[in-house]
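The sequence and the model are shown first, and the description follows.

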Amino acid sequence: EVKHLLNTGLSPKSPGLTTMGYQQISKYLFGEMTLDTAIARIKIAHHRLVRRQNAWFKETDSRIRWVTPDDNGKREAELELESFLPNNWTYTPASLK
């Protein structure tokens, strides 16, 4: 995906390509780091994001509707989306892919 985006003429400094994962893979593709280094840096960046999210999103925050990562949680999330989205927007699982 990163290679395709770069081949379309996007700059590695484009906002979309400076996000986690894209930035590191771009540097790998330009020979600025090895694939192993890129993967390691993606893992570090992901870990940092998870830590920040744990600080931002508290389980006790009543504004957040937490769901479990199983089939029941999936259905709960679908129902939440259906109640949240405007009436003129039709929700289908495929529309989120």
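## A salt bridge between E82 and R75

The side chains of E82 and R75 meet in a salt bridge, with a distance of 3.9 Å from N to O. This distance comes from a predicted model, and it lies inside the cut-off for a salt bridge, which is 4 Å between the side-chain nitrogen and the carboxyl oxygen.

E82 is partly exposed, with a relative accessible area of 39%. R75 is also partly exposed, at 40%. Both values fall in the class between buried, under 20%, and exposed, over 50%.

## Other salt bridges

How many salt bridges does the structure hold? The number is five. As a general point, side chains of opposite charge can pair when their charged atoms come close.

One of the salt bridges joins the side chains of R65 and E76, at 3.1 Å from N to O. This pair links distant parts of the chain: R65 is in the loop between helix 3 and helix 4, E76 is in helix 4, and eleven residues separate them. R65 is partly exposed, with a relative accessible area of 48%, and E76 is partly exposed at 27%. R65 and E76 also belong, together with E80, to a network of salt bridges.

In another salt bridge the side chains of R63 and D61 meet, at 2.6 Å from N to O. Are these two residues buried or exposed? R63 is exposed, with a relative accessible area of 73%. D61 counts as buried, because its relative accessibility is 15% and the limit for buried is under 20%.

## Helix 4 and its cap

Helix 4 covers residues 71-84, which makes 14 residues. From its first C-alpha to its last, helix 4 reaches 20 Å, close to the 20 Å expected at 1.5 Å a residue.

Which residue caps the N-terminal end of helix 4? The cap is D70, which has a side-chain oxygen 3.1 Å from the backbone nitrogen of N72.

## A nonpolar patch on the surface

Five residues, Y28, L29, F30, L35 and I39, form a nonpolar patch on the surface. Together they have about 420 Å² of accessible area. The elements that give two or more residues to this nonpolar patch are helix 2 (22-29) and helix 3 (35-56).

Y28 has its place in helix 2. With a relative accessible area of 34%, Y28 is partly exposed. That value meets the requirement of over 30% for residues that make up a patch.

Technical notes. Residues numbered from 1 in each chain as written. Predicted model: local features only at pLDDT ≥ 70, side-chain atom pairs only at ≥ 80, totals over all residues. Heavy atoms only, no water. Helix = DSSP H or I, 4+ residues; strand = E, 2+ residues; numbered from the N terminus. Expected span 1.5 Å × (residues − 1). Polar contact = N/O pair within 3.5 Å; in protein donor to acceptor, adjacent residues only side chain to side chain. Patch = residues over 30% accessible without salt bridge, like charges linked within 9 Å, V, L, I, M, F, W, Y side chains within 5 Å. Areas by Shrake-Rupley, 256 points an atom, 1.4 Å probe, with all protein chains shown as cover. Buried < 20%, exposed > 50% of the residue type's maximum accessible area, 1.4 Å probe, protein only.
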